[in-house]
Amino acid sequence: MCLNHIGTRNIETKRLLLRRFTLGDTAQMFNNWAKDPENVKYLSWKAHGSIDETYEVLNKWIDEYKNENSYRWCIVLKETNETIGGIDVIEIMQDRCTCEIGYVLSRNHWNKGIMTEALKAVIDYLIGKVNFNRIQLRHMVENPASGKVMLKCGMKFEGILRQYGLTNTGRQCDSAIYSILKEEL
Ligand SMILES: CC(C)(COP(=O)(O)OP(=O)(O)OC[C@H]1O[C@@H](n2cnc3c(N)ncnc32)[C@H](O)[C@@H]1OP(=O)(O)O)[C@@H](O)C(=O)NCCC(=O)NCCS
C-alpha cells in the first residue's frame, strides 16, 4: 500500500489558512455559501434551508476527522479571518493510490485566484505528504470556471464523461475530467 494517511492538517498559503472545520464555522458557512442556491448549483447537495442543517453537516464532518483518511479543509482568508469555502477529498481509491477532490468558494470571492491557490496547496499536500499517485477532479461542462482552476493547477484534461454528472435537482449532464500524476508535480 502506497498511502501514508495523516488526515487533515493545517496548510498555509500566501492569502489562505486551510484548517479543519469547527462548529464555530457554522454561521459563516451558512451565510457565505451553503444557503445560496446559485453558489451550490454545480454541487451534489442542495442549498441549506436553515442554519441548523449547516450545523448538522458540520457535526458529521467533525466526527469524520477521527478517521485518519479524512481530508476536508475549511478555507479561511487570513486577512479577515473569514470562512470562505471548503476543499475536500470526496473519494479515495486506496488500491490505486488515487483520490478525487471537490471544492466550493463563497460567491463574494470568485475570480480572485483563491481556489487555484487552495487547490495547488492541497495537491502538494496529498501527493507530497500522503503519497497519492493520481488526483482527479470532475466538473459539469456548464461550469467552465472550475475547469480553468484545474488547468491553472497543472492538471490535464482527460475527456468528457457523457451524461455522468448529476445536478442537485437530479438532472444528468456531461462532466469533464482532469487529473495530475505524482510524476508531473
Ligand atoms: C469554481 C470555483 C471553485 C472557482 O473558484 P475561483 O477562486 O473563483 O477560481 P479562480 O479565480 O482561481 O479561477 C477561475 C477562472 O475561471 C474563469 N471564469 C470565471 N467564470 C467563467 C466562465 N463563465 N467561463 C469561463 N471561465 C470563467 C476566471 O476568469 C478564472 O480564470 P483566469 O484566472 O484565467 O481569469 C468557484 O467559482 C465556486 O466555488 N463555484 C461554485 C461551486 C463549484 O462550482 N464548485 C466546483 C464544482 S466542480
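How many bridges join strand 6 to strand 8, and do these strands run parallel or antiparallel? The views below start from there, and all of them show a predicted model.

**View 1. Strand 6 beside strand 8.** Strand 6 (residues 134-140) and strand 8 (residues 172-181) run antiparallel, and seven bridges join them. To find your place in this pair, look for Arg-138, which stands opposite Ile-177 in strand 8.

**View 2. The shell around the ligand.** Here the ligand is surrounded by 20 residues, the closest being Leu-105, Met-115, Thr-116, Ala-145 and Lys-148. Strand 5, helix 3 and helix 4 (144-152) each contribute at least two residues to this shell. Helix 4 gives the largest share, with five residues. If you are thinking in terms of residue classes, the shell has 11 nonpolar, seven polar and two charged residues.

**View 3. Helix 1 packed with helix 2.** Helix 1 (residues 26-34) meets helix 2 (residues 51-64) at an angle of about 115°, and their axes are 9 Å apart. That angle makes the two helices, helix 1 and helix 2, roughly perpendicular. Their crossing is right-handed. On the helix 1 side, the contact is made by Thr-26, Ala-27, Met-29, Phe-30 and Ala-34; on the helix 2 side, Ile-51, Thr-54, Tyr-55 and Leu-58 take part. Sorted by class, this contact has seven nonpolar residues, two polar ones and no charged residues.

Notes: Residues numbered from 1 in each chain as written. Predicted model: local features only at pLDDT ≥ 70, side-chain atom pairs only at ≥ 80, totals over all residues. Pairing = 2+ DSSP bridges. Helix = DSSP H or I, 4+ residues; strand = E, 2+ residues; numbered from the N terminus. Near = placed C-beta within 6 Å. Nonpolar A, V, L, I, M, F, W, Y, C, P; charged D, E, K, R; others polar. Axes fitted to C-alpha atoms, helices over the stretch in contact; angles between N-to-C directions. Parallel < 35°, antiparallel > 145°, perpendicular 65-115°, else oblique. Left-handed = near helix turned anticlockwise from the far one by under 90°. Contact = placed C-beta atoms within 7 Å.
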